[in-house]
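Please read this note with the sequence and the model open side by side.

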Amino acid sequence: MTKTPNLKIALITGLTGQDGSYLAEILLKKGYVVHGIIRRASTFNTARINHLYQDPHNRNRKLFLHYGDLADAGTIRKIIYKVKPDEIYNLGAQSHVKVSFEIPEYTMDITGNGALRILEAIRDFQNETKKKVKFYQASSSEMFGSAPPPQNENTPLVPQSPYGAAKVFACNMTKLYREAYGIFAVNGILFNHESERRGETFVTRKITRGIARIKAGLDKKLYLGNLDAKRDWGYAPEYMEAAWLMMQKPKPNDYVIGTGETHTVREFVELAFKEAGLSNWKKYVETDPRYYRPAEVNILIADTRKAKKILKWHPKTKFKNLVKIMVWNDINELKK
Ligand code: NAP
Ligand code: GDD
């Protein structure tokens, strides 16, 4: 592999996900060489990064893809030793909360143990090569669970799902490896962040896609679960800028990232239907118990004073604008 001197090297797990694709864009723009771990699938899973793809024959390319899986410690280790990254961003996960109740053991293995596998590889790599590697863990507001809002870096973690519990494990391991081994390891505790690239089964995108299909006459109804849950929703690209900022500080630390505003799922639905020109949302939306969870996180509100003070990070996209961006993206996508 050709290594251009003086360029920072980043390794991203979860490159093909919503956040991975935005982070890769940000890092490439900043002049990084970016390596990403992707899973082998029988269908293409690279839709979110196709616009970044560079021909392997291009000698100046800055984006490299490696097959791997967070379940496979040997391959993760091999990639780290080969790439010699300056920064590792662990964004890979079984990231769906409802699904985690159906596949709890798998979720723990990937979302929890996956982080530990990387930390162990970093520990050995640093010991052997003396090269420092920084580690970012994609921690989550889902870890707060039933802890009352507003939630910040000192709020107790009371997870309400196997996913939340797996993220708590990974978060604790990240702190432990920082304290025990002096590894530059940070937790970005991110509240819900959405975008045009959001996975189609998360509630915001399910709503905006559903609206586009109803507007186009393809569907008559949109079936949802708990409309009373409250979330602090922000815009994903801004959150990946915050992740990068955390990795540039002289000392590793944990930071909460969110907007500080909360809205119910019902409010999202109402605003999104209105934006699309469908005034009476109740005509189209039905609740279906299959989308309820065995346990729920009722309310999330970020207290981001630390990030504002130390990272100088501020959210820009307001709730109303986020809804607008997502609704029109899906309406226009369907027209295409
Ligand atoms: P996402 O769209 O679901 O992307 C998850 C990524 O992980 C995908 O690239 C996926 O690959 C990869 N992945 C899944 N299983 C894997 C495995 N066994 N080995 C290697 N990679 C695997 O999630 P996201 O919204 O971008 O979120 C990024 C990270 O932040 C996740 O860890 C998530 O839990 C966390 N987080 C997200 C939010 C949010 O609101 N978005 C908030 C807090 C924390 P495929 O494309 O092949 O499926
Ligand atoms: N997915 C989904 N589908 N959620 C629904 C539905 C539905 O049909 N109807 C209501 N909801 C409610 C859920 O019960 C939950 O309270 C809320 O909408 C948000 O659900 P999701 O969009 O699936 O997100 P999440 O909050 O459970 O998890 C997301 O945010 C976490 C950060 O707090 C994911 O991105 C996680 O990976 C992330 O860590």
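Which residues are the closest to ligand 2, and how many residues surround ligand 2?

1. The model is predicted. In this model, 23 residues surround ligand 2. The closest of them are Ser140, Ser141, Tyr163, Arg293 and Glu296.

2. An N or O atom in the side chain of Arg198 is 2.9 Å from an oxygen atom of ligand 2.

3. Ligand 1 is surrounded by 25 residues. Thr16, Arg39, Asp69, Ser95 and Tyr163 are the closest. Note that Tyr163 is listed among the closest residues for ligand 1 and also for ligand 2.

4. For ligand 1, the side chain of Tyr163 has an N or O atom 2.5 Å from an oxygen atom of the ligand. Asn45 places a polar side-chain atom 3.1 Å from an oxygen atom of ligand 1. Gln18 contributes a polar backbone atom, and the distance to an oxygen atom of ligand 1 is 3.1 Å.

5. Now the domains. The domain assignment gives domain 1 as 9-194 + 234-257, and domain 2 as 203-230 + 262-302 + 309-335. Each domain is therefore written as separate stretches of the chain, with bounds that come from an automatic or database assignment. The centres of the two domains, taken over C-alpha atoms, are 26 Å apart.

6. How much area do domain 1 and domain 2 bury between them? The value is about 2100 Å², and 70% of it is on carbon and sulfur atoms. On the side of domain 1, Lys98, Glu194 and Glu238 lose the most area to domain 2, together 25% of what that side buries.

7. In terms of contacts, 26 residues of domain 1 touch 22 residues of domain 2.

8. Which elements of domain 1 give two or more residues to the side that touches domain 2? They are α3 (97-102), β10 (234-235), α7 (236-248) and β11 (255-257). The largest share, 5 residues, comes from α7. By class, this side of domain 1 has 14 nonpolar, 7 polar and 5 charged residues.

Methods. Residues numbered from 1 in each chain as written. Chains lettered and ligands numbered in written order. Predicted model: local features only at pLDDT ≥ 70, side-chain atom pairs only at ≥ 80, totals over all residues. Heavy atoms only, no water. Contact = heavy atoms within 4.5 Å. Buried area = accessible area lost by both parts, 1.4 Å probe. Helix = DSSP H or I, 4+ residues; strand = E, 2+ residues; numbered from the N terminus. Nonpolar A, V, L, I, M, F, W, Y, C, P; charged D, E, K, R; others polar. Near = heavy atom within 4 Å. Polar contact = N/O pair within 3.5 Å; in protein donor to acceptor, adjacent residues only side chain to side chain.
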